[in-house]
Amino acid sequence: MARNPLPVLNRARLALRRWRRTRPFWAAVWTALGGFVILYLPLAPVGRLLHVGIGGISGMAAGAILLALAGLILVLPGQRYTAGIIAVIVGVASFPLSNLGGFFVGMFLAVLGGSMAIGWMPEKPARRTWFRRSRTAAA
């Protein structure tokens, strides 16, 4: 008799949802996508990259920095302000440094992700009402 895998999948989905809601998940996703677009466009063999020059290398550096910041936003939500500000600065700096910031798409996604990381707030804990009840009951 085969067991139904749906309860296991449902529990995993709910655990992922709980984990996702405790950190700026979508800010990290948008920042990583922006970094990927900026990193992918100048990606070429090393010989060709040397012909492209500083634009290709700085584009790869900006994309790698944005990917690292996305990981930082996801793993350490307490550092979201610093990582978000740096993501916005690197995203805007990628405009003159590499292929118009991934042809505007990478720059837009990096600025969006950095802004979302700055604006994200952790969920407030539920208010404890038992203290008020016991206090009013004693009075």
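Let's start with Arg80: its charged end sits over the ring of Tyr81, 4.7 Å from the ring centre. By "over a ring" I mean NZ of Lys or CZ of Arg within 6 Å of the ring centre and within 35 degrees of the ring normal. Please keep in mind that this is a predicted model, where local features need pLDDT of at least 70, side-chain atom pairs count only at pLDDT 80 or more, and totals for chains, interfaces and linings use all residues. Residues are numbered from 1 along each chain as its sequence is written, and side-chain values use heavy atoms, leaving out hydrogens and water.

Now to the aromatics. How many aromatic pairs does the structure hold? There are four, counting rings of Phe, Tyr and Trp (its six-membered ring) with centres within 6.5 Å; planes under 30 degrees apart are stacked, over 60 edge-to-face, the rest tilted. One of them, Trp19 with Phe25, is edge-to-face, at 6.5 Å centre to centre and 70 degrees between the planes. Phe36 and Tyr40, on the other hand, are stacked, with 5.6 Å between centres and 20 degrees between planes. These two are four residues apart in helix α2 (residues 25-40), so about one helical turn separates them. Helices here are DSSP runs of H or I, at least four residues, numbered from the N terminus.

Last stop, Phe104, in the loop between α6 (99-103) and α7 (105-119). Most residues other than glycine have a negative phi. Phe104 has a positive one, near 70 degrees. Its relative accessibility is 45%, so Phe104 counts as partly exposed, that is, between buried (under 20%) and exposed (over 50%), with a 1.4 Å probe and protein chains only.
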